[in-house]
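Subject: Structure handover

Hello,

Here is the structure I promised to pass on. Please open it beside this email and follow along.

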Amino acid sequence: PPPPPPPPPPPPPSDEVAAGDDAATLELVWQLQQEEEARQREREEGEARLASIPAADDDAESIALAIRLQQQEDDEALRAALGPAGAALLANEGEGDDEREGAVSPSQYSYETLVRLGEALGEVSRGASANAVGSLRTLSLCEARADSGVRLGEKCSICCMEWEEGDSLRVLPCGHAEHVECLGEWLKRSKACPLCAKEIPAE
């Protein structure tokens, strides 16, 4: 029969087991300490980088100043467009209003205030004045065709109707001519030529 297997080795003494456990524990503690020190260094480096950028506050102040200056320019442009009557109305609207106390910007007024402003001022005309329109030359179709200073197309550029004998034409300073009635309606809404966009003088 085969010989019996050798007996297992005896367990190590309890002192050696305890020593091995202590070594593993010390190594784990050392690793944790190293990781904590690395994280602390990263925090300190981050704080140092932030401290080395003092311009952040200056940039914020510069942006705020630029916004205030732009707002002032916009307010001045709005007041200029409204004219004295509109500015006076805005001032009256702000009196006695707790929500508007201390506010000076017309752009901060409520929707209701702006509606009242529009009703009080009426529609702002962008067209030419009656005197400016009346100062324009009026010619018959034959006279316009014979005048070298008139830039006459094949039809009225406003109503798109071809010229007919007996038509009366009004000539703009740029030389373009249109039907008297068509150009009269056009100039109520715009001071510019419908073809070349050149504006007519105020008077």
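Let's start at arginine 137, which counts as partly exposed at 39% relative accessibility. On this scale, buried means under 20% relative accessible area, exposed means over 50%, and partly exposed lies in between (1.4 Å probe, protein chains only). Before going on, note that this is a predicted model: local features need pLDDT of at least 70, side-chain atom pairs count only at pLDDT 80 or more, and totals for chains, interfaces and linings use all residues. Residues are numbered from 1 along each chain as its sequence is written, and side-chain values use heavy atoms, with hydrogens and water left out.

**Salt bridges**

How many salt bridges does the structure hold? There are three. The term means a side-chain nitrogen of Lys or Arg within 4 Å of a carboxyl oxygen of Asp or Glu.

Arginine 137 pairs with aspartate 147 at 2.8 Å, N to O. Aspartate 147 sits in the loop between α5 (141–146) and β2, and arginine 137 in strand β1, so this pair ties together parts ten residues apart in sequence. Helices (H or I, at least four residues) and strands (E, at least two) are DSSP runs, numbered from the N terminus. Aspartate 147 is partly exposed, at 23%.

Arginine 145 bridges to glutamate 165, with the closest N and O atoms 3.4 Å apart. Arginine 145 is in helix α5 and glutamate 165 in the loop between α5 and β2, so parts 20 residues apart in sequence are tied together. Both residues are exposed.

Glutamate 185 meets lysine 188, with 3.1 Å between the closest N and O atoms. They are three residues apart in helix α6, about one helical turn. Glutamate 185 is partly exposed at 40%. Lysine 188 is exposed at 53%.

**The sheet**

Three strands form an open antiparallel sheet, in the order β1-β2-β3. Strands pair if DSSP finds at least two bridges between them. β1 (137–140) and β3 (177–179) are the edge strands, each pairing on one side only. Four bridges join β1 to β2 (residues 168–171). Serine 140 has serine 168 in β2 as its bridge partner.

**Cysteines**

A disulfide is a covalent bond between the sulfur atoms of two cysteines. Here the cut-off is a pair of cysteine sulfur atoms within 2.5 Å. The search of the whole structure finds zero. Cysteine 156 is buried, at 0% relative accessible area.

Best wishes
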